[in-house]
Amino acid sequence: NDNGIPDECEEIYADVNSDGIVNVSDLLQVLGVWSTECDGCPEDVWADGVIGVNDLLEIIANWGEPCGL
C-alpha cells in the first residue's frame, strides 16, 4: 500500500512494540500497564479500552509471528 510496511506485518497487531515479532517484549509491555484504561494505545490489542486478559490472549495466539521488518 506504499506505506513502507509489508501488508502481512500490518496484520500482526499483537506486536505492540512494533519490533517485527510478537514475543516476550510485547507480553511485558502489556503486563506493565495491566488493568489500566486506554483508548488507542498499542497495548490494547483487543481494542476494548482496557488492558486485560483478552489482550494477553491475543499476544499468546500470535506468539512468534515474524514481520521481517
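How many helices and how many strands make up the secondary structure of the protein chain? There are three helices and zero strands, where helices (H or I, at least four residues) and strands (E, at least two) are DSSP runs numbered from the N terminus. The order from the N terminus is α-α-α.

Colleagues, a word on the basis of these values. The model is predicted, so local features need pLDDT of at least 70 and side-chain atom pairs count only at pLDDT 80 or more, while totals for chains, interfaces and linings use all residues. Residues are numbered from 1 along each chain as its sequence is written, and side-chain values use heavy atoms, with hydrogens and water left out.

I begin with the whole chain. Of its 69 residues, 33% count as buried; buried means under 20% relative accessible area, exposed over 50%, and partly exposed in between, with a 1.4 Å probe and protein chains only. Among contacts (heavy atoms within 4.5 Å) with a separation of 6 or more, 43% link residues 24 or more positions apart.

Next, helix α2, which spans residues 24–32. At its start, a side-chain oxygen of Asn 23 comes within 3.0 Å of the backbone nitrogen of Ser 25. Asp 26, Leu 27 and Val 30 are the buried residues of the helix. Viewed down the axis, they fall within an arc of 100° and therefore line one face of α2; the arc is that of the directions from the helix axis to the C-beta atoms. The face turned away from this buried side carries Leu 28 and Gly 32, both exposed. The cover over the buried residues includes α3, residues 53–61.

Which residues make up the largest nonpolar core? The eleven are Ala 14, Val 16, Val 22, Leu 27, Val 30, Cys 38, Cys 41, Val 45, Ile 51, Leu 56 and Ile 59. Such a core is a set of buried Ala, Val, Leu, Ile, Met, Phe, Trp, Tyr and Cys residues joined through side-chain atoms within 4.5 Å. Helices α2 and α3 each supply at least two residues of this core. Beyond its neighbours within four places in sequence, Ile 59 contacts Ala 14, Val 22, Asp 26, Leu 27, Val 30 and Val 45.

Finally, the disulfide, defined as a pair of cysteine sulfur atoms within 2.5 Å. The count is one, and the bond joins Cys 38 to Cys 41 with an S to S distance of 1.8 Å. The torsion about this S-S bond is about -50°, so the disulfide is left-handed. Cys 38 is buried at a relative accessible area of 16%, and Cys 41 is buried at 18%.

Key
A polar contact is a pair of N or O atoms within 3.5 Å; within protein, one must be able to donate a hydrogen and the other to accept it, and residues adjacent in sequence count only if both atoms are side-chain atoms.
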